[in-house]
Amino acid sequence: MACMKLGSKSDAFRRQGQAWFCTTGLPSDVVVEVEEMSFHLHKFPLLSRSGVMERLIAGSSEGEEGCAIKLPDVPGGAKTFELVAKFCYGVKLELTAANVVYLRCAAEHLEMTEEYGEGNLISQTETFFNQVVLRNWKDTLKALETCDDVLSYAEELHIPRRCIDSLAAKARTDPTLFGWPMVEHGGPMQSPGGSVLWNGISTGARPKHSSSDWWYEDASTLSLPLYKRLISAMESSGIKQEIIAGSLYSYAKKYLPGLNRRQGANESSNRHIQVGSVTSLSEGDQKLLLEEMDRLLPMQKGLVSTKFLFGLLRTAKILRASPSCISSLEKRIGMQLDQATLEDLLMPNLSYSMETLYDVDCVHRILEHFLIMDQAVGGASPGSIDDGQIMGSPSLTPITMVAKLIDGYLAEVAPDVNLKLGKFQSLAAAVPEYARPLDDGLYRAIDVYLKSHPWLAESDRELLCRLMDCQKLSLEACTHAAQNERLPLRIIVQVLFFEQLQLRTSIAGCFLVSDNLDGSRQLRSGLVGQNEGGWATAVRENQVLKVGMDNMRMRVSELEKECSDMRSEIEKLGKVKGSSTWGNVSKKFGFRLKSQMCSAQEGSVSKQENGHKKIEKPKEKQSKEKKNSD
C-alpha cells in the first residue's frame, strides 16, 4: 500500500485511559472532547491550522484547565482527530489509502485550508489522493471501502464517484497494459518492456497474464450500495455483459451461503473464479442482496449457469423474497431450461400448504416461460419435425431436450402420493406433442404414477393414459406395456395392434432389402463374373437376414397367441353377460380388430412364404449354372 510521510518531529503524544496528552513540556490550555476521548492540547497549534478551531477557541470560556471544546461530529471520530492533532503539531505521520479519506473529510470539516498555513491538510490529502491513490487499483479500492464510514462527507467531496470511475476504467482494460501504476508495492518490478526486473536487471521473464475476471474478488469486498454503483459505472463504460454477470456471480456466492450448498463438483472445478469465504449476513440483508442481484443481472440467456439461477430461486423461496423477484428468476430459468438437469428441477415445496414434496407448480411456470420463448424465437413446430425424426432417433433440439427433461421429472415426482392427478396431467400435457419423438419417457412416468396410486378409478386411468401416443412407443416399450397389468384394457389392445403394425413394417422392410440384395448380386455376377469372396459374403448376409426373420416370425406367433387368448377371455365374459362383448369392444375402438389382426397375420405369413420361395429360386438357378460351367 502506498504512503506519504508528513511532519518531522518525534511523537510527543501519550495516552492514559480515555485521554491523550501532548508532552511538550508546556501545560495544556485546551481540552478537545471527541466522542468518549479527550485531548489535552495547546491552542496555538490548533487555531493556526483550522478555521473551525479558531472560532471555537475564541468563543469558549476559560476554566481551571483552560477552555473546553466538544467536537461530536468529526469524520472518522477520535482516531482521525488524533492524526489531525499530530499534523497540527508537525509530528511524523503517514498518509495511506486506509486513512486518506478520513483525513480529507476531517480537514474539510475543520476548514484546514491554505489560508491557515501553506501545505495544510486539505492540499496534502488531495494531492496524495489524486496522484497516488487513484493510480493504483488496490489503493483506490481500499479508499472506496473506507467511504462507507463517512459517506455523507465523502459524497460532498465526490470521493466515491472518483474512485468508482477510476476502478471502472481499470476493469475494462487488460491489467498487464497498466504498466507501473498497476504493480502492487512490494510485488515484482517490471521493465517498460514488461519483463520482470531483479535488482534493476531485466530477467526476460514475463508476468502471468490475467483473465477478464481478475477483479471479481476485489470488487466483492465492497458494500452492496457501492458495489451497485461500481457495476452501473462498468456497464456504462462498455464492459461486456458476460464479465458483469461473472462479477455478480462471485459477489452472490460470497454473501449468500445457500448457493454454495448445492454447487456441483463440475462447476467448482471448471470455474477459475476464486470465491472467498462466505461472509455471514442476516436474513434481511440476504433477502435485500438477492433482490438486488436479480435487478443487476442482465436479462440475457447464457450469461450465468442454469444451476446458479436455480440456486438463486431456491434461496429466494427460503428467504421469502418478493413475488416479482421470484417471477423474474423463473423467467430467466425458462429462457435456458434446455441447459438444466433433473437435479435442478427437484426443488422442495416450501409453501405453507405443503401439498406435495416437490414444487410442481414452479416447474410448470418455468416450462410455460420456455415455451413462450421458444415460439418467439421460431423454435420447432409440428411441421418442422418429419416422420423420420418421430419414429427414429430424437433430434437434440432445445424443445426435445426439455421434453425429455420434463418426462424424467414426472417420473421422479410420480411416487408422491399427495400429487394430484390434475397436476400430473397438466404438466405432462404442457409439453407439445411434436416435442416428443418417442413417448417412452412419458409411458414410464405414467406407469410409476399408476403404481404409486393404485386407488385410481378405471376412468381416471384411461384419462391419464390418453396423454401418450401408442404409435410413438418403441418396440421395447410396447412389449412392456402389453404385459402391464396396471394399464386399462383398451390401452393394452391399442399397444398390441400398433406393435403388430410395427413388426409387419419391419418384416416387409427385411423382404425388400433381401430382394434388392439378390437383384444386385445377379447384376454383379452378369457383369463381372463369379467372385468366390463376394458369394461367401452374400451367403453370410442371407443367413443373418434369415435369423432376423425367424425371430420376427416367433414374435408374431406370440402376438397371435396373446390376441387369441384375449379374444377367448372376452368372448367368455360376453357369454356370461348375454351380449357380444368383443363386438362392442371393436366398435368402441373404431376398428375391427379381429378382421384386421387376422388379415395382418395371414398377410405376414404369406409374405414370409413367398419371400422364402424367392430366396430359394436364385439359389437353385445359381447351382444349375455352376454345374453347366463345370
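This report covers salt bridges, helix packing and one arginine in a predicted model.

## Salt bridges overall

A search of the whole structure turns up 22 salt bridges.

Glutamate 126 pairs with arginine 162 in a salt bridge. Their closest N and O atoms are 2.7 Å apart. Glutamate 126 sits in helix H5 (residues 121–131), and arginine 162 sits in helix H8 (residues 159–171), so the bridge ties together parts that are 36 residues apart in sequence.

The pair also belongs to a network of salt bridges. Arg104, Glu108, Glu126 and Arg162 are linked in it.

Aspartate 165 forms a salt bridge with arginine 161. Here the closest N and O atoms are 3.6 Å apart. The two residues are four apart in helix H8, which means that about one helical turn separates aspartate 165 from arginine 161.

Lysine 317 and aspartate 359 meet through their side chains in a salt bridge, at 3.4 Å from N to O. Lysine 317 lies in helix H14 (residues 306–318), while aspartate 359 lies in the loop between helix H16 (342–345) and helix H17 (360–376), so this pair ties together parts that are 42 residues apart in sequence.

Lysine 317 is buried. Aspartate 359 is buried as well. For both residues, that puts the relative accessible area under 20%.

## Helix H20 against H22

Helix H20 (residues 421–430) and helix H22 (residues 458–465) have axes that come within 10 Å. The axes cross at roughly 15°. An angle under 35 degrees counts as roughly parallel, so H20 is roughly parallel to H22. The crossing of H20 past H22 is left-handed.

On the H20 side, the contact involves Leu421, Phe424 and Gln425. On the H22 side, it involves Asp460, Leu463 and Leu464. By class, the residues of this contact divide into four nonpolar, one polar and one charged.

## Helix H17 against H20

H20 also packs with H17, at an angle of about 20°. The axes of H17 and H20 are 10 Å apart. That angle makes H17 roughly parallel to H20. The crossing of H17 and H20 is left-handed.

H17 contributes Val360, Asp361, His364, Leu367 and Leu371 to the contact. These meet Lys423, Ser426, Leu427 and Ala430 in H20. The contact of H17 with H20 has five nonpolar, two polar and two charged residues.

## Arginine 444

Arginine 444 is part of helix H21 (residues 440–452). Its relative accessibility is 49%, so arginine 444 counts as partly exposed. The limit for exposed is over 50%.

Leucine 410 is 34 residues away from arginine 444 along the chain. The C-alpha atoms of arginine 444 and leucine 410 are separated by 9.0 Å.

Technical notes:
Residues are numbered from 1 along each chain as its sequence is written. This is a predicted model: local features need pLDDT of at least 70, side-chain atom pairs count only at pLDDT 80 or more; totals for chains, interfaces and linings use all residues. Side-chain values use heavy atoms; hydrogens and water are left out. A salt bridge is a side-chain nitrogen of Lys or Arg within 4 Å of a carboxyl oxygen of Asp or Glu. Buried means under 20% relative accessible area, exposed over 50%, partly exposed in between (1.4 Å probe, protein chains only). Axes are lines fitted to C-alpha atoms, for helices over the stretch in contact, and angles run from 0 to 180 degrees between N-to-C directions. Angles under 35 degrees count as roughly parallel, over 145 as roughly antiparallel, 65 to 115 as roughly perpendicular and the rest as oblique. A crossing is left-handed if the near helix is turned anticlockwise from the far one by less than a right angle, and right-handed if clockwise. Contact means heavy atoms within 4.5 Å. Ala, Val, Leu, Ile, Met, Phe, Trp, Tyr, Cys and Pro count as nonpolar, Asp, Glu, Lys and Arg as charged, and the others, Gly among them, as polar.
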